[in-house]
Amino acid sequence: MKRNAMGLILTLAMTAGLIAGCNGNVADTMLTKSPEGENTAAEDVQVVTVWSDNAHEQSVRDAQIEEFNNTIGKQEGIRIDYTVYGSDYSDVINVALMANDGPDLFRPSSNTFAKYVAAGYAVPISELDGSNTLLSKYDEDDLLIGDQIFGGKVYTLPYSLQSYKMIINKDLFDKAGINVYPKTWDDVRKDAKLITDVSNGDAYGYFLALQSGWTLDHYIYSVSSASLGHFGYDAVSGTYRYSDGLPIIENILGMIEDGSVFPGYENMDADTARAQFAAGKVGIAMAASFDVAVYTEQFPAECNWVVCDPPAIDSSGYGYKEMVTPVDLLAVAKKSLDAKDTSKIARVLEWFYADENLVEMYEKGMYLPYRKEVLDMAADSEVKGWKEFVTFRGNQFIIRMADPKGVISYEGLSARETLTKLFSGGYSEDTATVLQELDMRLNSGLAQLDDETINEYVAPPNYKVERD
């Protein structure tokens with residue numbers, strides 16, 4: 001994205017009018033079939049294993065895979081074996097990749113993928129025979145170095161865009177007599193306490209899920225990008241600035257002190273926490289666009305929930321554009337190169353990125369497609385909450401750049417570990433000092449990188465995060 005960030009942003013902006021501020025989309029399908037009458041012997045069927053933790057889309061994906069296995073797969077001698085893991089995914093995939101005994105394709109995590117590439121656990125897509133068809137759908141200038149591109153080679157491809165909002169339980173707001181939804185993090189704390197107080201232990205104002213570290217990224221810093229101008233890593237200055245989020249962190253600590261956070265958060269994972277919101281037990285939840293499917297498919301909400309703009313740090317509102325995150329779907333494990341026919345793995349990867357599949361995902365409120373070609377094919381989604389997640393205040397949004405956390409080395413705890421310890425009451429130091437020391441540790445890691453590497457993570461001059 002460093003080289004052509006504005007190209008992607010302009011592509012998104014041209015499609016914004018279609019859905020009051022929406023985005024673009026991802027890859028074309030190549031659903032070619034074998035000639036009529038041609039059958040594949042059972043012994044020639046190659047099983048391609050795929051692992052993911054995308055539980056929010058599992059029902060739709062399982063149906064798509066079943067159809068593939070019964071049609072295209074039978075004709076081409078391929079069967080997809082698809083497994084979805086829960087909160088243990090990061091541990092499971094780490095052990096499997098280290099042992100070279102895992103899947104052929106896996107969902108990459110931005111928190112660990114660079115390390116997997118460096119260790120050789122993941123391999124470039126081009127290592128698969130027949131992968132050129134899928135790769136040709138993307139202009140490499142629009143891919144992120146440090147996310148999709150490493151060492152000049154493409155290891156994964158963006159599938160969707162992820163936006164961030166706030167969701168409230170209107171039933172609990174009505175019960176507490178709150179008529180205006182929170183606009184700032186101060187409001188979130190105040191309303192969370194009111195909801196907790198009137199619920200008498202039956203419900204709480206807010207949730208945390210410290211056993212799912214990704215929620216600390218998405219539900220705190222990413223959701224606050226329009227107030228911060230970054231997501232913890234500031235690509236404009238090329239530095240880590242978690243300390244800018246001090247007012248947000250202090251409000252969350254305040255909610256813990258108030259007793260407004262759902263109990264057991266120290267040992268709670270994201271699925272458990274979101275299930276409590278769906279059951280009507282939580283008043284306010286920060287959310288990413290994939291949470292629409294969580295609350296409609298995975299844990300159908302029993303409450304009347306409403307999607308709102310993310311809270312600002314203070315009453316001055318947003319000073320920056322909302323950041324949306326490009327999300328990769330699958331990467332190639334080293335094990336895949338041992339397959340009898342790697343072109344069949346490429347075929348499965350291509351099928352997962354197929355336009356028709358993503359159109360269905362978009363219409364069912366699961367993904368915002370990365371490339372606009374898919375949006376041109378899709379009908380408007382009628383799924384509850386989806387329109388709000390594809391709409392941005394004043395149409396002010398920007399695609400975030402990659403975070404270099406995967407390529408730096410430093411002593412001490414990571415950002416996620418620091419926040420987890422902080423919310424668990426593990427520090428004697430004041431909060432400002434903890435966040436400042438976190439920035440110092442991470443920035444010391446950046447200082448060890450050579451100029452060529454760090455420059456790939458620094459925004460070009462035309463990358464403007466301030467609101468127009």
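**Exercise 1. Find the loop that holds N200, then state whether N200 is buried or exposed.**

Step 1. N200 sits in the loop between α8 (185–199) and β9 (204–206). Helices (H or I, at least four residues) and strands (E, at least two) are DSSP runs, numbered from the N terminus. The model is predicted: local features need pLDDT of at least 70, side-chain atom pairs count only at pLDDT 80 or more, and totals for chains, interfaces and linings use all residues. Residues are numbered from 1 along each chain as its sequence is written, and side-chain values use heavy atoms, with hydrogens and water left out.

Step 2. Take the accessibility. N200 has a relative accessible area of 67%, so N200 is exposed. The cut-offs: buried is under 20% relative accessible area, exposed is over 50%, and partly exposed is in between (1.4 Å probe, protein chains only).

Step 3. Check the backbone. Phi of N200 is near 50°, a positive value in a residue that is not glycine. Most residues other than glycine have a negative phi.

**Exercise 2. Describe the surroundings of P310.**

Step 1. P310 has 4% relative accessibility, so P310 counts as buried.

Step 2. List the contacts (heavy atoms within 4.5 Å). Leaving aside neighbours within four places in sequence, P310 is in contact with Y164, K165, M166, K183, V223, Y318 and E322.

Step 3. Look at Y164 again. P310 and Y164 are 146 residues apart along the chain, but their C-alpha atoms are separated by 7.1 Å.

**Exercise 3. Which residues touch the most other members of the largest nonpolar core?**

Step 1. Know the term. A nonpolar core is a set of buried Ala, Val, Leu, Ile, Met, Phe, Trp, Tyr and Cys residues joined through side-chain atoms within 4.5 Å.

Step 2. The largest core has 129 residues, and Y206 and F352 touch the most other members.

Step 3. Follow F352. Beyond four places in sequence, its contacts are V50, R61, I65, I80, Y82, Y159, L329, L330 and N357.

Step 4. Note a second, separate core of 15 residues, with L97, F113, Y116 and Y155 among them.

**Exercise 4. Describe how α11 and α18 pack.**

Step 1. Helix α11 (residues 246–258) and helix α18 (residues 415–423) pack at an angle of about 35°, and their axes are 10 Å apart. Axes are lines fitted to C-alpha atoms, for helices over the stretch in contact; angles run from 0 to 180 degrees between N-to-C directions.

Step 2. Name the contact residues. From α11 come I249, I252, L253 and I256; from α18 come L419, L422 and F423.

Step 3. Sort them: seven nonpolar, no polar and no charged. Here Ala, Val, Leu, Ile, Met, Phe, Trp, Tyr, Cys and Pro count as nonpolar, Asp, Glu, Lys and Arg as charged, and the others, Gly among them, as polar.

**Exercise 5. Which residues of α15 are buried, and what do they pack against?**

Step 1. In helix α15 (residues 355–363), the buried residues are D355, N357, L358, V359, M361 and Y362.

Step 2. These buried residues pack against α2 (58–70), β7 (156–162), α14 (342–352), β15 (368–369), α16 (372–377) and α17.

Step 3. Look just past the helix: G365 takes a positive phi of about 75°.
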